[in-house]
Amino acid sequence: MAGMSPRMATVAAVIALAPAVGACGYNTIPTKHERAQAAWADVQSQYQRRADLVPNLVATVQGAAIQERTTLTQVIEARAKATSVNVNADDPASFQQFQQAQGELSGALSRLLVTVEAYPQLQSNQNFVALQSQLEGTENRIAVARRDYNEAVRDYNTTLRTFPSIIWAKTIQSGSKPMQLFTATAEAQTAPNVNFDGLNPSAAAQPGGNAPAVAPGSAPAAAPAAAN
């Protein structure tokens, strides 16, 4: 670079090295991290959408004066816990706490929706039906958002561990950390255990005021044959 000033030579060297730097992964890490962060923001948005639906859902169920109060209390408490967690997708502890809290809310909502099936007045309530539909749609959006987030995070985390980007991850971009993945929770893998005994108004008509215990989903016992 004869005839060039030191400043011009430096600029020329930077321009010449730029394609090589880009090709060896220097820009790859922040690019994929931003993509994963955008996917994480979408996950949080969908969870917030669900949290916003819960108060109206609870109020509608309370207005129907159903006998089951424990499940409503569980939903209210689970929502409060889920919305109070300060989460960082780069921090394993806070991410695990966030996932657990959201899983508990999912379980409480599932139990509530199963329980209210015993109340025809709720099933015919247009406000409740609309809220239930919105909640189901939001759960689907959450599932999609979590899937997209996991895909983006796997791509980003792989980049941190593979050559040549691992060189930058361990040197100039040493602050880059793997992001956490969503995993299946115990609540998602366990069907809600709901007992409808005592919730059926027709139980009062049974002799002694108690209906025979029948497991949900099972057929009632056959009536005895009439005597000839």
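Me: How are α2 and α3 oriented to each other, roughly parallel or roughly antiparallel?

Reply: Two packed helices are described by the angle between their axes and the distance between the axes. In this predicted model, helix α2 (residues 28–63) and helix α3 (residues 70–84) pack at about 165°, and their axes are 11 Å apart. Axes are lines fitted to C-alpha atoms, for helices over the stretch in contact, and angles run from 0 to 180 degrees between N-to-C directions. The two helices are therefore roughly antiparallel to each other; angles under 35 degrees count as roughly parallel, over 145 as roughly antiparallel, 65 to 115 as roughly perpendicular and the rest as oblique. Helices (H or I, at least four residues) and strands (E, at least two) are DSSP runs, numbered from the N terminus.

Me: In what crossing does α2 pass α3, and which residues of α2 and α3 meet?

Reply: The crossing is left-handed. A crossing is given that name if the near helix is turned anticlockwise from the far one by less than a right angle, and is right-handed if clockwise. From α2 come Ala51, Asp52, Val54, Pro55, Val58, Val61 and Gln62, which meet Leu72, Val75, Ile76, Arg79 and Thr83 of α3. By class, the residues of this contact are eight nonpolar, two polar and two charged. Contact means heavy atoms within 4.5 Å. Ala, Val, Leu, Ile, Met, Phe, Trp, Tyr, Cys and Pro count as nonpolar, Asp, Glu, Lys and Arg as charged, and the others, Gly among them, as polar.

Me: At roughly what angle do the axes of α2 and α4 cross, and which residues make the contact?

Reply: These axes cross at roughly 35° and come within 12 Å. α2 passes α4 in a left-handed crossing. On the α2 side the contact is made by Trp40, Tyr47, Arg50, Val54, Leu57 and Val61, and on the α4 side by Phe95, Phe98, Gln102, Leu105, Ser106, Leu109 and Leu112. This contact has 10 nonpolar, two polar and one charged residues.

Me: How do α4 and α6 pack, and at what angle?

Reply: Helix α4 (residues 92–115) packs with α6 at about 150°, with the axes 13 Å apart, and the two are therefore roughly antiparallel. Their crossing is left-handed. Phe95, Ser106, Leu109 and Leu113 of α4 make the contact with Phe128, Gln132, Leu135, Glu139 and Tyr149 of α6.

Me: Is phenylalanine 128 buried or exposed, and with which residues is it in contact?

Reply: Buried means under 20% relative accessible area, exposed over 50%, partly exposed in between (1.4 Å probe, protein chains only). Phenylalanine 128, in helix α6, is buried, with a relative accessible area of 1%. Leaving aside neighbours within four places in sequence, phenylalanine 128 is in contact with Leu57, Thr60, Val61, Leu113, Val116, Leu122 and Gln123. Across the chain of 228 residues, buried residues make up 31%.

Me: How far apart in space are glutamine 121 and alanine 64?

Reply: Their C-alpha atoms are 7.2 Å apart, although 57 residues separate the two in sequence. Glutamine 121 lies in helix α5 (residues 120–123) and, at 39% relative accessibility, counts as partly exposed.

Me: What kind of peptide bond joins phenylalanine 163 and proline 164?

Reply: Most residues other than glycine have a negative phi, and most peptide bonds are trans. Here the bond is cis, with omega about 5°. Proline 164 is placed in the loop between α6 and α7 (165–170).

Me: How many helices and strands has the chain, and which elements have the lowest and highest mean pLDDT?

Reply: There are eight helices and zero strands. pLDDT is the predictor's confidence in each residue, from 0 to 100, and the chain averages 78, with 70% of the residues scoring at least 70. Helix α1 (residues 6–23) has the lowest mean (46) and helix α6 (residues 126–161) the highest (96). Over residues 9–23 the pLDDT is below 50, and this stretch has six contacts in the model beyond near neighbours in sequence. Residues 188–228 also stay under 50; the model has 25 contacts for them beyond four places in sequence.

Me: What conventions apply to the numbering and the values?

Reply: Residues are numbered from 1 along each chain as its sequence is written, and side-chain values use heavy atoms, with hydrogens and water left out. In this predicted model, local features need pLDDT of at least 70 and side-chain atom pairs count only at pLDDT 80 or more, while totals for chains, interfaces and linings use all residues.
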